[in-house]
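This report covers the pockets and cavities of one structure. Please have the model open as you read.

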Amino acid sequence: MHPVGNPSSWRRLPVGAELAPDGGVHFRVWAPDRKLVRVLMEGSTPHLERVGPPPETEPLRAPAPARAGRIIELERDDEGYFAGTDMEASAGSCYRFLLDDDPQPYPDPASRWQPRGPHGESCVVEPAAYRWRDDAWNGVALQGQVIYELHIGTFTPEGNWASAARELPALAELGVTVLEVLPVADFPGLFGWGYDGVNWFAPTRLYGTPDDFRRFVDAAHAAGLGVILDVVYNHFGPDGNYLAPFSAHYLTHRHATDWGDAINFDGEQSAPVREFVIANARYWIDEFHLDGLRLDATQSMVDDSTPHIVSDLVHGARTAAGERQIIVVAENEPQDAWLARPRQTGGGGVDALWNDDFHHSAHVAMTGNSEGYFSAYRGKPQEFVSMAKYGWLYQGQFYSWHGETRGSAAFDLPAAQFVNFIQNHDQISNNGPGRRAHELTSPGRLRAMTALTLLSPQTPMLFQGQEFNSSARFAYFADHGAELSQKVAVGRREFLAQFATLALPEIQATLPDPSDPATFANAKLDPGERQTHAECYDLHRDLLRLRSEDGVLGAAHGAANGRLVDGAVLADAAFVLRFSTPHGDDRLLIINLGGTLRLEVLPEPLLAPPEGHTWGVVWSSESPRYGGVSTPPPDGDGGQWHVPAECAVVLSSRTN
């Protein structure tokens with residue numbers, strides 16, 4: 001990337017505070033609307049070695065008053081960047097910027113750490129001070145990965161990087177291969193999901209120091225786990241965002257998003273804004289050794305220019321990774337397939353795309369609930385057969401929920417480029433109280449749908465605690481000030497009212513208050529439930545082992561859609577997927593979400609074993625090990641097939 005304004009060649013990033021080679025700290029900030037920018041040095045932070053949340057019991061709710069300190073005037077260049085060096089500053093020095101004659105000091109837009117939160121002073125960090133132990137780690141490629149989504153603040157009772165690191169061996173033993181960490185860019189208050197981040201370069205002080213984050217990544221690599229970070233490049237949070245005093249051009253009125261004005265990727269003075277975002281993507285990959293990114297709501301990263309900002313930031317992230325492999329996953333509600341095509345052909349260059357279609361169809365199949373945005377799905381077998389073969393269901397046809405077409409053709413994309421899930425942070429919270437799937441459906445259906453998710457050719461994703469039917473309810477939580485908290489609560493209730501069962505006044509009155517500390521506390525996992533809910537944990541572990549060790553199932557994960565997997569509907573709530581090989585070593589995955597299935601007539605060629613072979617049971621969700629009952633061979637009753645109710649069965653072809 002060629003930085004705007006040509007900063008000193010030794011800098012790691014074009015903006016922010018960095019230790020200079022000859023001593024002191026070099027500051028660089030973009031403030032084209034200002035004539036004078038100065039740095040106010042405000043002492044040093046005592047918390048660089050701290051693990052866990054800051055000691056204050058109340059977060060800053062307004063800008064902290066300025067502390068007395070020396071002032072350094074920065075020099076402006078023709079691009080509106082201001083830069084200069086303070087020879088007395090060092091790692092741990094705290095500072096803010098003074099803009100023209102405004103007496104209010106502002107934190108650095110590219111601050112590497114905010115020890116007192118977004119309303120406080122910025123802190124100089126030296127990333128090279130951390131001694132990495134992952135020299136042998138080469139990163140991760142997409143094929144064969146199993147993603148695990150987690151929120152650091154609720155993943156453990158302590159809610160910090162250090163306690164999360166202690167759980168990594170258990171995740172590796174489970175069969176997870178990549179951790180997807182919810183956003184950590186700093187935000188106000190004492191708890192939140194992270195999607196309202198305002199300090200994009202500052203890992204939130206709530207989970208520890210920047211080096212605590214590095215230790216977590218180091219420990220993950222030592223356990224054989226990759227780490228990708230959820231990043232939000234479609235909006236800034238509503239509280240603690242101080243970009244406007246530096247420039248009115250960070251946002252644009254030309255485009256609108258669900259959060260208001262869009263980030264300025266294609267308008268007047270958009271080049272420094274693009275550079276800011278691309279630098280952030282590079283920063284996480286370079287300074288934290290991350291194995292990739294998950295891009296939130298890319299449909300709201302509106303850009304009419306070429307190349308698209310998604311393409312540029314993905315390219316920047318890969319450049320920062322050097323020889324290490326990284327994966328970039330995108331959330332995209334309109335289901336635009338171009339995002340997953342190569343940059344060289346005009347694509348976005350991302351590795352994988354979330355498959356909301358799979359979740360929505362699975363939700364309807366498991367619960368029978370087709371309210372709100374689930375109304376465009378029937379949860380029927382043909383939907384799952386089609387998704388196993390082609391990824392998305394909607395690839396350009398009419399979508400009743402929006403009243404228009406949705407999606408684009410994705411038949412050329414390999415199966416692994418679609419991320420399938422039956423739970424994630426959004427979907428759990430969107431049922432109101434934050435109930436998990438095991439509270440919404442029967443044990444048998446959940447086991448069967450779990451098997452489909454983890455054995456399908458697409459890339460599977462689990463949400464924290466899903467593997468042991470966690471009792472923690474993950475409702476939406478955010479710690480804002482009183483006025484904003486009220487608006488958030490009202491907006492949340494209005495959003496959930498799209499579901500008829502959540503629109504009733506008596507139900508709305510019971511919905512968790514996002515600002516209530518209890519809503520946050522109730523979302524925290526209890527790691528001990530791995531043992532108390534061992535049947536569910538064993539189910540997930542055994543399925544992930546089968547996915548990893550069965551060569552036939554594994555071969556399908558990297559294949560283009562439809563090449564190695566076919567499927568057929570067997571009944572109103574039952575279907576079969578066949579994983580084929582040239583040598584007759586085939587697999588059948590039978591999913592029955594309804595009652596006991598007896599097939600006396602078998603006019604379906606996918607059920608026929610390869611010539612000279614018979615079918616044998618490899619795995620069943622009805623094993624007593626998982627809380628089920630035994631499963632007889634489906635074709636063991638005189639040639640008639642018998643599949644138990646609400647069951648998943650894997651069959652392997654065997655020579656006679």
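## The second largest pocket

About 310 Å³ of space lies in the second largest pocket. The model is a predicted one, where local features need pLDDT of at least 70, side-chain atom pairs count only at pLDDT 80 or more, and totals for chains, interfaces and linings use all residues. Residues are numbered from 1 along each chain as its sequence is written, and side-chain values use heavy atoms, with hydrogens and water left out.

A pocket is found on a 1 Å grid over the protein atoms alone, as an open set of points with protein on both sides within 12 Å along at least five of seven lines. Lining residues have an atom within 4 Å of a point. Points are joined across faces, edges and corners, and a volume is the space filled by probe spheres set on them.

The lining here has 21 residues. H363, N369, F374, N431 and L440 lie nearest the centre. Two or more lining residues come from each of α7, α9 and α12 (500-503). Helices are DSSP runs of H or I with at least four residues, strands are runs of E with at least two, and both are numbered from the N terminus. The most, 4 residues, comes from α7.

By class, the lining splits into 9 nonpolar, 10 polar and 2 charged residues. Ala, Val, Leu, Ile, Met, Phe, Trp, Tyr, Cys and Pro count as nonpolar; Asp, Glu, Lys and Arg as charged; the others, Gly among them, as polar.

## The largest pocket

The largest pocket has a volume of about 1,500 Å³. Its lining runs to 49 residues, and D258, W259, D426, R492 and F495 are the closest to its centre. At least two lining residues each come from β15 (260-263), α7 (356-367), α9 (425-429) and α11 (482-496). The largest share belongs to α11, with 6 residues. The lining of this pocket holds 20 nonpolar, 17 polar and 12 charged residues.

## Cavities

A cavity is a set of grid points where a 1.4 Å probe fits but cannot get out. The count is 6 cavities of 30 Å³ or more.

Strand β13 gives the most, 3 residues. The lining of the largest cavity has 9 nonpolar, 3 polar and 1 charged residues.
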